[in-house]
Amino acid sequence: PAALPNPEWLNVVAGLAEIVLGVYLLEPRTRVFAAWGVIALAIAVFPANVNMMLENIGEGGPGTGDPVTNWVRLPFQLVFIVWAWWFTQPDVDSSPD
């Protein structure tokens, strides 16, 4: 959104956070921490995705985006939050006692 300073820098920081959290999700010892980080990041970028939808923002700026893509991305944010939350749950040992 226009109210946020340095959008390019914020985009780079968010992208790096996604990469780091994704790597941490692979390691069982850091998986829960990383999942909560993914949830926080998805919530933090949600307003930007709403702004992209409202302004129809694409690579060429406002008004140049694909409206369908911008609308479809919002429900996927919720799917990703639920998916990340699933990784915060304790592992259930399925082996018989």
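Trainee: Is R29 buried, partly exposed or exposed?

Mentor: R29 counts as exposed because its relative accessibility is 75%. Buried means under 20% relative accessible area, exposed means over 50%, and partly exposed lies in between, with a 1.4 Å probe and protein chains only. Please note that this is a predicted model, in which local features need pLDDT of at least 70 and side-chain atom pairs count only at pLDDT 80 or more, while totals for chains, interfaces and linings use all residues. Residues are numbered from 1 along each chain as its sequence is written, and side-chain values use heavy atoms, with hydrogens and water left out.

Trainee: Which residue forms a salt bridge with R29?

Mentor: The partner of R29 is E27, and their closest N and O atoms are 2.9 Å apart. A salt bridge here is a side-chain nitrogen of Lys or Arg within 4 Å of a carboxyl oxygen of Asp or Glu. E27 counts as partly exposed, because its relative accessibility is 30%.

Trainee: How many salt bridges does the structure hold?

Mentor: The structure holds 1 salt bridge.

Trainee: And how far is D91 from R29 in space?

Mentor: From C-alpha to C-alpha, D91 and R29 are 12 Å apart, although 62 residues separate them in sequence. D91 lies in the segment after α3, the helix of residues 67-86. With 76% relative accessibility, D91 counts as exposed.

Trainee: Let us step back. How many helices and strands are there?

Mentor: The protein has 3 helices and 2 strands. In sequence order they follow the pattern α-α-β-β-α. Helices (H or I, at least four residues) and strands (E, at least two) are DSSP runs, numbered from the N terminus.

Trainee: What radius of gyration does the protein have?

Mentor: The protein has 16 Å, whereas a compact globule of 97 residues would have a value near 13 Å. The radius is taken over C-alpha atoms, and the globule rule is 2.2 Å times the number of residues to the power 0.38. Along its principal axes, the C-alpha trace spans about 60 × 25 × 20 Å.

Trainee: What share of the residues is buried?

Mentor: Buried residues make up 20% of the 97 residues. One of the buried residues is Q77, which has a relative accessible area of 12%. Q77 is found in helix α3.

Trainee: What is Q77 in contact with, leaving aside its neighbours within four places in sequence?

Mentor: With those neighbours set aside, Q77 is in contact with A42, V45, F46 and N49. Contact means heavy atoms within 4.5 Å. Across the protein, among contacts between residues at least 6 apart in sequence, 48% join residues at least 24 apart.

Trainee: Which residues make the nonpolar surface patch?

Mentor: The patch, of about 1,100 Å², is made by V32, W36, V68, V72, F76, V79, F80, W83, W85 and W86. Patches are made of residues with over 30% relative accessible area and no salt bridge; like charges are joined within 9 Å, and nonpolar side chains (Val, Leu, Ile, Met, Phe, Trp, Tyr) within 5 Å.

Trainee: Which helix gives the most to that patch?

Mentor: That is α3, with 8 residues. Both α2 (31-55) and α3 supply at least two residues each.

Trainee: Where is V32, then?

Mentor: V32 is in helix α2, and at 38% relative accessibility V32 counts as partly exposed. Leaving aside its neighbours within four places in sequence, V32 is in contact with F87 and T88. V32 and W85 are 53 residues apart in sequence, yet 8.6 Å apart in space from C-alpha to C-alpha. W85 belongs to helix α3 and is partly exposed, at 43% relative accessibility.

Trainee: One more topic. How many aromatic pairs are found?

Mentor: A search of the whole structure finds 3 aromatic pairs. One of them joins F76 and F80, a tilted pair with 6.2 Å centre to centre and 35 degrees between the planes. Rings of Phe, Tyr and Trp (its six-membered ring) pair if their centres lie within 6.5 Å; planes under 30 degrees apart count as stacked, over 60 as edge-to-face and the rest as tilted.

Trainee: Why are F76 and F80 separated by about one helical turn?

Mentor: They are separated by about one helical turn because they are 4 residues apart in helix α3. Ring pairs also link F76, F80 and W83 into a cluster.

Methods
Areas by Shrake-Rupley, 256 points an atom, 1.4 Å probe, with all protein chains shown as cover.
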